Amino acid sequence: MRVAKSVLVALTLALAMTMAGCTDSGSGTPSTNAGNAPIKVSIAIQPWLGYGAWYIAQDQGFFAQNGLEVELKDFEADADMLAALAAGQVDGLNVASHGALLMVENSVDAKVVLLLDASTSADAIITTGEIASVADLRGKQVAYEEGATSDLLLNYALSQAGMTIGDITKVPMGAAEAGAALIAGRVPAAVTYEPYINQAKLQDSNVKVLYEAGEKEGLISDVFMVGSKFASENPDAVRALAKSWGQAVDYYRANTESGRAIIAQGVGESPEDLVTAFDGVIFFGLAENQTLLGGDFAKVTLPAVQQVAVAAGLLNGGSDPAQIIDTQFLK
């Protein structure tokens with residue numbers, strides 16, 4: 001979910017390797033065995049709970065029911081994950097919406113086939129002390145991860161207050177470090193996401209939320225992308241993935257406690273530590289995708305994300321948001 005500027009370098013290297021014919025021969029492209037053998041699919045994933053329905057699909061056997069053998073490949077760095085898809089080493093990946101636009105801008109041949117989640121309060125600007133509004137950030141130090149969703153949220157919040165990133169003093173660092181810097185008193189404000197928001201509140205009762213992702217619907221959202229070659233060769237597998245995601249979201253809604261336990265195990269946390277994080281994330285099922293992905297998300301939300309990201313210097317705006325979406329697999 002958290003795409004950083006280093007992704008651009010990694011994508012460039014991956015594309016260079018691909019054109020030179022140096023990609024891993026053990027590509028993620030699945031085997032389409034004869035008969036009823038399951039299709040093998042590899043998905044790049046990070047321990048962000050917004051991707052958690054995939055863990056439910058694995059745990060509850062939805063992949064197997066739909067003729068798939070899915071490997072969820074864990075990645076720690078955004079750059080490595082996105083580069084893996086660019087180099088054909090995985091078949092699909094989970095990524096922030098502006099990260100999907102970045103990939104296509106950099107000539108990665110892939111399509112968005114699912115809208116996964118949106119953050120409402122799981123991404124936020126937090127502060128202590130006398131800062132009471134975004135306008136009060138003028139001239140102040142703000143800790144955040146450049147190029148990531150925190151950068152996107154901060155730029156949008158500042159723009160709504162008639163300010164730009166030049167009106168604050170940037171203190172670049174990772175999301176976990178940003179929350180810690182605020183608690184330690186090294187900065188008066190930080191941009192971060194769950195579970196770091198809740199951790200900061202537990203450590204210091206003076207920590208308060210100044211601005212949340214929900215102020216701009218869909219700004220901080222995640223999508224699932226597949227390589228175009230994989231999709232064209234295995235359309236039934238992509239449909240099966242979409243169906244499996246939908247079944248998992250349905251399971252989560254009907255069995256929330258159990259679903260949260262499965263997701264928490266997948267991301268390496270305890271359910272108790274993720275309560276506020278879960279409350280700040282909206283999952284989109286198959287029915288919502290059939291309405292939103294080619295509708296408001298493609299026509300309103302994604303162009304708005306692109307506009308904010310371009311203004312923040314995270315994108316150059318060289319792609320048509322609607323053209324990176326493929327809804328055929330939702331039927």
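Reader: Which residues touch the most other members of the largest nonpolar core?
Author: Residues are numbered from 1 along each chain as its sequence is written, and side-chain values use heavy atoms, without hydrogens and water. A nonpolar core is a set of buried Ala, Val, Leu, Ile, Met, Phe, Trp, Tyr and Cys residues joined through side-chain atoms within 4.5 Å; buried means under 20% relative accessible area, exposed over 50%, partly exposed in between (1.4 Å probe, protein chains only). In the largest core, of 101 residues, the top two are Trp 54 and Met 225.

Reader: Which helix gives the most to this core?
Author: Helices (H or I, at least four residues) and strands (E, at least two) are DSSP runs, numbered from the N terminus. The helix spanning residues 235-254 contributes 10 residues to this core, the most. That helix is H10.

Reader: How many residues does the other core have?
Author: Another core lies apart from the largest one. Among its members are Ala 124, Ile 197, Ala 200 and Val 207. Its size is 12 residues.

Reader: Which aromatic cluster includes Trp 54?
Author: Contact means heavy atoms within 4.5 Å. Not counting residues up to four places away in sequence, Trp 54 touches Ile 45, Leu 72, Asn 94 and Leu 241, among others. Its contacts also include Phe 63, Phe 224 and Trp 245. The aromatic cluster is Trp 54, Phe 63, Phe 224 and Trp 245.

Reader: Are the rings of Trp 48 and Tyr 193 stacked or edge-to-face?
Author: Rings of Phe, Tyr and Trp (its six-membered ring) pair if their centres lie within 6.5 Å; planes under 30 degrees apart count as stacked, over 60 as edge-to-face and the rest as tilted. By this rule there are 7 aromatic pairs. The ring centres of Trp 48 and Tyr 193 are 6.3 Å apart and the planes meet at 80°, so the pair is edge-to-face.

Reader: How many residues apart are Trp 48 and Tyr 193?
Author: Both are buried. Trp 48 sits in the loop between strand E1 (39-45) and helix H2 (53-59), Tyr 193 in strand E8 (residues 189-193). The pair links distant parts of the chain, with a separation of 145 residues.

Reader: What sequence separation does the Glu 146 and Lys 170 pair tie together?
Author: Their closest N and O atoms are 3.3 Å apart, in a salt bridge. Glu 146 is partly exposed at 26%, as is Lys 170 at 41%. Glu 146 lies in the loop between E6 and H6 and Lys 170 in strand E7, so the pair ties together parts separated by 24 residues.

Reader: Is Asp 236 buried or exposed?
Author: Asp 236 forms a salt bridge with Arg 239, at 3.0 Å between the closest N and O atoms. The two are 3 residues apart in helix H10, about one helical turn. Arg 239 is partly exposed at 31%. With 55% relative accessibility, Asp 236 counts as exposed.

Reader: How many residues of helix H5 are buried?
Author: H5 runs over residues 97-105 and is mostly covered. Its buried residues include Ser 97, His 98 and Glu 105. Just after H5, Ser 107 takes a positive phi of about 65°. The buried count in H5 is 8 of 9.

Reader: How far apart in space are Ser 119 and Lys 216?
Author: Ser 119 is in strand E4 (residues 110-119). At 3% relative accessibility, Ser 119 counts as buried. Ser 119 and Lys 216 are 97 residues apart in sequence, yet their C-alpha to C-alpha distance is 9.8 Å.

Reader: Over which residues is the pLDDT below 50?
Author: The protein chain averages a pLDDT of 88, and 89% of the residues score at least 70. Where pLDDT is low, the predicted coordinates should not be read in detail. The stretch below 50 has 41 contacts beyond near neighbours in sequence, and it covers residues 8-34.

Notes: pLDDT is the predictor's confidence in each residue, from 0 to 100. A salt bridge is a side-chain nitrogen of Lys or Arg within 4 Å of a carboxyl oxygen of Asp or Glu.
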